[in-house]
Amino acid sequence: MNPPVEIGLTHYLSLGAVMFVCGAVCMATKRNAIGILMGVELVLNGANINFVAFAAFNPAFDIEGQVFALFVIVLAAAEAAVALAIVLNFYNNHMTVDVDTAEELKG
Amino acid sequence: MMEFQAFLFYFVAILTGLCAIAVVVTQNIVRSAAWLMFALAGTSVIFFLLGADFVAATQLIVYVGGTLVLVVFGVMLTAQGPFISMKTGAVEWAMSTLVGLLLVGVLIGTIVRDPTWKDLPKPKPTEANQSFNSVALGESLLGVEEATPEARLTGTFDPRTAPRRTRMAYLLPFEIVSVHLLVVLIGAAYLARAKRRRGATP
Amino acid sequence: MPPLGLIIAVVSVVALLTFVAASAVFLIWVERKVAGRIQDRLGPTRVGGKFGWLQTIADGMKLLVKEDIIPGSADQFLFRLGPYIAFCGAFVAFIALPFGNGVVALDMNIAIFFMLAVMSTEVFGIIMAGYGSGSKWSLFGGMREAAQMVSYEVPMAICVLVPVIVAGSMNLSEIARAQTGWIYQWYLFRDPFTFCAFWTYFCCATASCKRAPFDLAEAESELVAGFHTEYSGLRWSFFFMGEYGAMFAVSGIAVHLFLGGWNLGLVPFELSDQFAKWMGTASEPSMVGFVIGNAINVIVFITKGMLLVFVMIWIRWTLPRLRIDQVMMTCLKYLLPISCVLLLGVSFWHLAMPSFVLQGLRYVLATVCVLWFLWTVRQVLTAKGTPLSQGMPAWWKEAEAPGYGSLTRT
């Protein structure tokens, strides 16, 4: 079977979906807090691919998509900084970054 | 030329997807950070292919050069053994793989079956909209009026009506994001600072 | 038949690879020669007849046939990958770097941003090498590198913004074209803020290439050789290709942003356009003239870039290394506020000052700098000293004289 030569929006959206699901599974399976952070980054990247693909294919959204993607990138950086600070704090208190040990608030 | 573009897309997209899967599968956290770097760099190449140069370069400088370095830094600060890995149980693996496959099936099924974006026009060639992109992007962030076209938030572009320009711009979100970044800077520095616990014995 | 764009892409990539490799070979020789002279020795002299000019090629041959060692405790995957990523980061930046009027692999609209972005990925290769080596020295080197690079990128990018604001463009070719003409048109002399921005940028650029006095990642007096302690052979040489490539890339950015790009500064016009006009007719510019003018442009650009790299080498062998806390303090307490002030100042300066002050200051700055440069060159050329051809300086002879070291000998 020959792959279709024309690259359409569908292809980009599929790539975005794959990255999104990879990120979601990563968040579910990793026990390392930093691994979960990586999963979040993957999810945001999948969303970003969708934003930019819509921006490129739909002339009515050509600025919006890119502006949203920029905001997502910047906010992801902020989120990573705060999350890492929390992880470091957690490590200082528990000497591990295994999220399963964070159960002090369990009722 | 179109064939070459298609080849390039398939090449980069498949590599990016494989790297994203490798991030999940790898047990060693630094290795999976390396795979994540490739996935993010591949995403930025995808952005270049889509003609969004500015977003692609931002992706590289912020994600790969900044965030990811920070993440690896965090890994090194919290590592106990030389190469740390935390195992996940087989049942958890099976469950999440199943759910993941279902999710990707649903998503791709929706994408392929939905007819709304089947008849979208092809993207403009990169050379033509390249200069337009970053200038218009800057204008819309600066709050220059008429920088951004009007669009309905649902539905797709109607080729019969040319996009009209409206008074929509992104100065306020831009400012909010910059204040937010400042708050994050201070907050992260406060959270991560070395605390000396009173009476704590090592 | 492959499409034309593909052929152009392959040709430019091959040309750039050749340039990066050849300039690395040349610069390593220069580094050894300059180091030798600064430390009062000769540097390489034998290989290739005079001046040891084949030394680097001989070294390269040696590295090629050396055993490729991977330590047993290393993480093989990361260890193998590190050098290539470090090299890629430096090399890909050259795609957007113009060498002359239109002599550029890809004339990007956001060229300067792209170059900074790509060069910021270089650090990841070094972290991977440092972590993957499985050695504490390498790990320390990688950690220091990560902290240093992430910090120094910020003032560097802000300094880059200063001329970008002045030119109103992130396209390096356009920034260079805006500086066409006499030497006072260079952004270095435009106003006090761009003048200071150049020195701040150069400082940050030196740090981001991890050159001394900021070479904490490979501080050989503390960390054996830092992140490349465990490397040998070809992989090791890739780190050095990357380092010298990055040095030329940041110098090229500095040349474009502050030092007039490919413009000579001694003629009031752009060489390639003017030659094309002279050798052709008014309606049809001559292609030959354009090529000749551009050849001069490329030579001028490469000479300027190499001069800046020479200054980096000179600094490395003159200044002692800083401590890591001093490196971070220099960045966060001094360079970052300075660059922010420069960014604000350059935005307000031209609104606040009357035009005769602006023009006058520009001429004064340019004249003073050129005169100072010429005076320095004259001082260097007429410096008194014993030429090496006349044998050792006097104090060496004294040391060799009998009885001078007799206490230690007996």
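Predicted model: local features only at pLDDT ≥ 70, side-chain atom pairs only at ≥ 80, totals over all residues.
What does the side chain of R211(C) meet? Its partner is E31(C), and the two side chains form a salt bridge with an N to O distance of 2.9 Å. If you trace the chain between the partners, you will find them 180 residues apart: E31(C) sits in helix 1 (residues 4-38) of chain C, while R211(C) belongs to the loop between helix 8 (192-208) and helix 9 (233-258) of chain C. E31(C) is also buried, because its relative accessibility is 4% and the limit for that label is under 20%. As background, side chains of opposite charge can pair when their charged atoms come close.

Let us stay with helix 1 of chain C for another pair. The side chains of R32(C) and D59(C) meet in a salt bridge too, at 2.6 Å from N to O. R32(C) lies in helix 1 and D59(C) in helix 2 (residues 55-65) of chain C, so this pair ties together parts that are 27 residues apart in sequence. Is R32(C) buried, exposed or partly exposed? With a relative accessible area of 33%, R32(C) is partly exposed.

A further salt bridge joins R190(C) to D191(C), whose closest N and O atoms are 2.8 Å apart. R190(C) has a relative accessible area of 15% and is therefore buried. D191(C), at 0% relative accessibility, counts as buried as well. Salt bridges that share partners also build one network, made of E31(C), R211(C), E243(C) and R316(C). Over all chains, the whole structure holds 7 salt bridges.

Now step back and take in chain C as a whole. Its secondary structure consists of 15 helices and 0 strands. Of its 410 residues, 49% count as buried. Among the contacts in chain C with a separation of 6 or more, 78% are between residues 24 or more positions apart. Chain C exposes about 19,500 Å², and carbon and sulfur atoms supply 72% of that area.

One part of the surface deserves a visit. L371(C), W372(C), F373(C), L374(C), W375(C), V377(C), V380(C) and L381(C) form a nonpolar patch there, and together they have about 920 Å² of accessible area. L371(C), one of these residues, lies in helix 13 (residues 355-381) of chain C. Its relative accessibility is 53%, and because the threshold is over 50%, L371(C) counts as exposed.

Next, look at where chain C meets chain B. How many residues does each chain bring to the contact? Chain B gives 31 residues and chain C gives 35. About 2,800 Å² is buried between the two chains, with carbon and sulfur atoms giving 82% of this area. The number of salt bridges found across this interface is 0.

Finally, a word about confidence in chain B. Its mean pLDDT is 74, and 67% of its residues reach 70 or more. Within chain B, confidence is highest in helix 2 (residues 29-49), at a mean of 87, and lowest in helix 5 (residues 126-142), at 62. Over residues 126-131 of chain B the pLDDT stays under 50, and the model has 7 contacts beyond four places in sequence for them. Residues 151-157 of chain B are also below 50, and this stretch has 14 contacts in the model beyond near neighbours in sequence.

Definitions and conventions: Residues numbered from 1 in each chain as written. Chains lettered and ligands numbered in written order. Heavy atoms only, no water. pLDDT = per-residue confidence, 0-100. Helix = DSSP H or I, 4+ residues; strand = E, 2+ residues; numbered from the N terminus. Contact = heavy atoms within 4.5 Å. Patch = residues over 30% accessible without salt bridge, like charges linked within 9 Å, V, L, I, M, F, W, Y side chains within 5 Å. Areas by Shrake-Rupley, 256 points an atom, 1.4 Å probe, with all protein chains shown as cover. Salt bridge = Lys/Arg side-chain N within 4 Å of Asp/Glu carboxyl O. Buried < 20%, exposed > 50% of the residue type's maximum accessible area, 1.4 Å probe, protein only. Buried area = accessible area lost by both parts, 1.4 Å probe.
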